[in-house]
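Subject: Structure handover and findings

Dear colleague,

I am passing the structure below on to you, together with notes on what turned up when I went through it. Please keep it open beside this message as you read.

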Amino acid sequence: MATSTSELARGAHQRHGLASPMHTAYDSGELSHPGSERERDYEAGLAREIQLQDLSLDPGFDANATSIEGARDAPAGKSPAPSENGKGLPPESWSEYFRGLPYKLRGGLDTALPIPDVHELFWSFVGAFVSIMAISLLNHFAGVEEQIVYLVGSFGASAVLLFAVTESKLAQPRNFVGGQILGALVGLGIRHAIHVPWVASPLAMALSLTGMQLTSTTHPPGGATALIIAASASIPKWAGFSYVVGVAGGCAIMLAVALITNNLAPRRRYPTFWW
């Protein structure tokens, strides 16, 4: 059965870890209406190009086939591209794994991030500086007296996402706040349950990652938030929940700054979605 265009686009993007080309197309003026038929054609065309590139590396690739399925299936007795195993499954043997490894390591499926212009650099600097400064002031004047840490190290990584790659799904409010709070809760729970740091630390980080994926709140700094509390020498006050309060307070400040500064920039719009 022929693969639909939406399945091609979705499969290619997930398999190769590519971001959607939608924003690039908007910036260049190729697309103007989200969800339009032209956008779907654009996505499907990219997916087809990527799949054909994969298949062209297979010695059994039939360049004259009229469809991707035909190109994959036409040569009888030939093995599929090593990275695909024919069905998108893990390699069946170590020999297959090592045979496909050079293919996977070659890269070439995407390019480096472009260097932003001076206007983007300015707004990224302003947003990061103001947000961290605001949290630092709160931590200095209120945190010491209340014995609550508002300035958590993972906020530095969050600032990079919120003010440098504002359109990334990882930087949107659901992911930012949800990932940070979930990471704090998971890390605190593991810190209470396991008192061996070299066991608690990796488990807290890995469980927070799984939790973020299951709740669609993946935010990389959230893993650092879980790791910080799980590896701490002592548990903060209120049975450690002061740490969660501090993370929540820092999130509120940084999100407020992001909503203001990112929308002051003429070419930025934040958020792209709330929930």
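How many salt bridges does a search of the whole structure find? The search finds two, a salt bridge being a side-chain nitrogen of Lys or Arg within 4 Å of a carboxyl oxygen of Asp or Glu.

Before the details, please note that this is a predicted model, in which local features need pLDDT of at least 70 and side-chain atom pairs count only at pLDDT 80 or more, while totals for chains, interfaces and linings use all residues. Residues are numbered from 1 along each chain as its sequence is written, and side-chain values use heavy atoms, with hydrogens and water left out.

(Helices are DSSP runs of H or I with at least four residues, numbered from the N terminus.) D117 is partly exposed, at a relative accessible area of 31%, whereas R267 is exposed at 54%; buried means under 20%, exposed over 50% and partly exposed in between, with a 1.4 Å probe and protein chains only.

In the other salt bridge, the side chains of E120 and R268 meet at 3.1 Å, N to O. This pair also links distant parts of the chain, with E120 in helix α6 and R268 in the segment after α11, 148 residues apart. Both E120 and R268 are buried.

Helix α6 also packs against helix α7 (residues 154-164): their axes, which are lines fitted to C-alpha atoms over the stretch in contact, come within 9 Å. They cross at roughly 145°, on a scale from 0 to 180 degrees between N-to-C directions. The contact (heavy atoms within 4.5 Å) involves, among others, S124, G127 and A128 of α6 and F155 and A159 of α7.

As for confidence, the protein chain averages a pLDDT of 81, and 67% of the residues score at least 70; pLDDT is the predictor's confidence in each residue, from 0 to 100. Over residues 15-23 pLDDT stays under 50, and over residues 73-84 the pLDDT is likewise below 50. Where pLDDT is low, the predicted coordinates should not be read in detail.

Technical notes. Helices (H or I, at least four residues) and strands (E, at least two) are DSSP runs, numbered from the N terminus.
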